[in-house]
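Subject: Structure handover

Hello,

Here is the structure I promised to pass on. Please open it first, then read my notes next to it.

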Amino acid sequence: MKIQSSVLVHLGFGKYVRSDQVTAVIPIDEDRGPGRRTFVHLQGQVDPIIASRAEDTIVRDLVQEPREVTQARQQQEILQDLLVDLGNVNSTVRRISRDEGGLDLDLLERRIRQILDNEANLKATA
């Protein structure tokens, strides 16, 4: 498990903390109830924040990739699969698709390659 740095984690009731600042997540045993589920200790603070969300939910959010990152990865995988499939389409089918159906598979293939190349370049410079 890896804590995602600089990601805001929702603690409930409008409270958010940076994931990389959390040092401990402890369930509240006494006086636990609505609005009082978990103590969240933060780096550099003596007193914990009281969170209204359960400790397992907070921990899951701390170590999970943000939904946007997961979706972007899935979309990239779909584009890579589509690019492989497009590479298997012969020239006759490409011509018929373009001339009869208005779908230019060559153009689509070039656009997908551009997107994947741009994404690879962004990752390389990060």
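Two residues are in contact here when they have heavy atoms within 4.5 Å of each other. Keep that in mind for the packing below. One caution: this is a predicted model.

**Helix H2**

Start with helix H2, residues 67-87. How far apart should its ends be? At 1.5 Å a residue, the 21 residues of H2 should span 30 Å. The C-alpha atoms at its ends are 30 Å apart, which agrees.

Now look at which side of H2 faces inward. Buried means under 20% relative accessible area, and exposed means over 50%. Gln76, Leu83 and Leu86 are buried in H2. These residues cover an arc of only 85° around the axis, which puts them on the same side of H2. An α-helix has 3.6 residues a turn, so residues three or four places apart point the same way.

What do the buried residues of H2 pack against? Their partners are helix H3 (91-101) and H4. The face turned away from the buried side carries exposed residues: Arg67, Ile78, Asp81 and Val84.

Take Gln76 as an example. This residue sits in helix H2. At 15% relative accessibility, Gln76 counts as buried because the cut-off is 20%. Gln76 touches Leu116, Glu119 and Lys123, leaving aside residues up to four places away in sequence.

**The second largest pocket**

Those residues turn up again here. The second largest pocket holds about 190 Å³ of space. Helix H2 (67-87) and helix H4 (105-125) are the elements that give two or more residues to its lining. H2 gives the largest share, 6 residues. The lining includes Gln76 from above, along with Leu116, Glu119 and Lys123. Also in the lining are Val69, Ala72, Arg73, Gln75, Leu79 and Ile115. Which classes are they? The lining of this pocket has 5 nonpolar, 2 polar and 3 charged residues.

**Helix H1**

Helix H1 covers residues 55-63. Thr57, Ile58 and Leu62 are buried in H1. Seen down the axis of H1, its buried residues fall within an arc of 140°, so they line one face of the helix. Strands are the partners this time. The buried residues of H1 pack against E1, E3, E4 and strand E5 (49-51).

Most residues other than glycine have a negative phi. Two residues here go the other way.

- Phe13 is not a glycine, yet has a positive phi of about 50°. Phe13 lies in the loop between strand E1 (8-12) and strand E2 (15-18). At 70% relative accessibility, Phe13 counts as exposed.
- Asp31 has a phi near 60°, again positive in a residue other than glycine. Asp31 is in the loop between strand E3 (22-27) and strand E4 (38-42). With a relative accessible area of 65%, Asp31 is exposed.

**One last residue**

Find Ser91 in helix H3. Is Ser91 buried or exposed? Ser91 is exposed, because its relative accessible area is 58% and the cut-off for exposed is over 50%. Then find Leu108. Ser91 and Leu108 are 17 residues apart in sequence. In space they are 14 Å apart, C-alpha to C-alpha.

Best wishes

Definitions and conventions:
Residues are numbered from 1 along each chain as its sequence is written. This is a predicted model: local features need pLDDT of at least 70, side-chain atom pairs count only at pLDDT 80 or more; totals for chains, interfaces and linings use all residues. Side-chain values use heavy atoms; hydrogens and water are left out. On a 1 Å grid over the protein atoms alone, a cavity is a set of points where a 1.4 Å probe fits but cannot get out, and a pocket is an open set with protein on both sides within 12 Å along at least five of seven lines; lining residues have an atom within 4 Å of a point. Grid points are joined across faces, edges and corners, and a volume is the space filled by probe spheres set on the points. Helices (H or I, at least four residues) and strands (E, at least two) are DSSP runs, numbered from the N terminus. Ala, Val, Leu, Ile, Met, Phe, Trp, Tyr, Cys and Pro count as nonpolar, Asp, Glu, Lys and Arg as charged, and the others, Gly among them, as polar. The expected span of a helix is 1.5 Å times one less than its number of residues. Buried means under 20% relative accessible area, exposed over 50%, partly exposed in between (1.4 Å probe, protein chains only). The arc is that of the directions from the helix axis to the C-beta atoms.
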